[in-house]
Amino acid sequence: MTYPEGRQAMNFRSLVSADVWRDLTERGRRRTFRRESVLLRQGESPECVIALVDGLVKVAQINECGDELTLTLRGPGEVLGEMGALLGRPRSATVTAVRPCTGVVLPAHAFRGYVERHRLETVVYQLTVERLNSHERLRADLVHLPPVARMARVVCHLADEVGHSHGGDGLVVELGMARTELATMASMSRSSALAALSRLQTAGILTLGRRRLVIKDAIHLKAAARDEELPGGVGCRGDTPVM
């Protein structure tokens, strides 16, 4: 997490040249997706990929009990459904627009040809491994951290994925969803999640909007994610993590 200026998220667009990205977006069919539209559905056949040009999407998985677990958010510059298309495997997650989106839809066979033509196998592998490692680190961290540190860790993760600078206001994380969905990401109850967010706001680390967070103090946010003392003597501990 690098703040606040000059930050660039690691996504597909950041790993290829402008010409290579343009080649992708010019080969597919441009589509718009309304908020709450499903772009890709878990379990479906990987018939296409979508290059996200604008907007914000939520990536979620349905477990065996039928519960939805939000994994992360993705923004412009992502290619969605690429691994299913390359490996010929069913979708592993559902991708839903949490804000109006514009994407370029490319058939799976055309995307495979595009990857081969530009020799992007290593790029796709690098991005996939980094994403898997990031998710595994996040889940491992959440096992032993108390609520405030858990929430700080999740906010750091989302800032890395979709955070953007907004003048002198700090780093903005557009959620496009209710704050309570952060509870499932942090493996916490709704009440514990809201209490943790409130404590981070009281400490002056972030401010809460209806569907956005603004990180005012990135240094102390990362310290909170390490379970260190918050500014003003507001401790990270005080609650028992709720699984």
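Is strand S3 (residues 48-54) mostly covered or mostly uncovered? I find S3 mostly covered, with five of its seven residues buried (under 20% relative accessible area with a 1.4 Å probe, protein chains only). Strands here are DSSP runs of E with at least two residues, helices are runs of H or I with at least four, and both are numbered from the N terminus.

I note that this is a predicted model, where local features need pLDDT of at least 70, side-chain atom pairs count only at pLDDT 80 or more, and totals for chains, interfaces and linings use all residues. Residues are numbered from 1 along each chain as its sequence is written, and side-chain values use heavy atoms, without hydrogens or water.

Next I looked up the partners of S3; a pair needs at least two DSSP bridges. S3 runs antiparallel to strand S8 (residues 101-107), with six bridges, and leucine 52 stands opposite glycine 103. S3 is also antiparallel to S6, through two bridges; there, isoleucine 50 has leucine 80 as its bridge partner.

Last, the largest pocket: I read a volume of about 820 Å³. A pocket is an open set of points on a 1 Å grid over the protein atoms alone, where a 1.4 Å probe fits, with protein on both sides within 12 Å along at least five of seven lines; lining residues have an atom within 4 Å of a point. The volume is the space filled by probe spheres set on the points. The lining has 28 residues, with Val59, Arg74, Glu82, Ser92 and Ala93 nearest the centre. H5 gives the most, six residues.

Technical notes. Buried means under 20% relative accessible area, exposed over 50%, partly exposed in between (1.4 Å probe, protein chains only).
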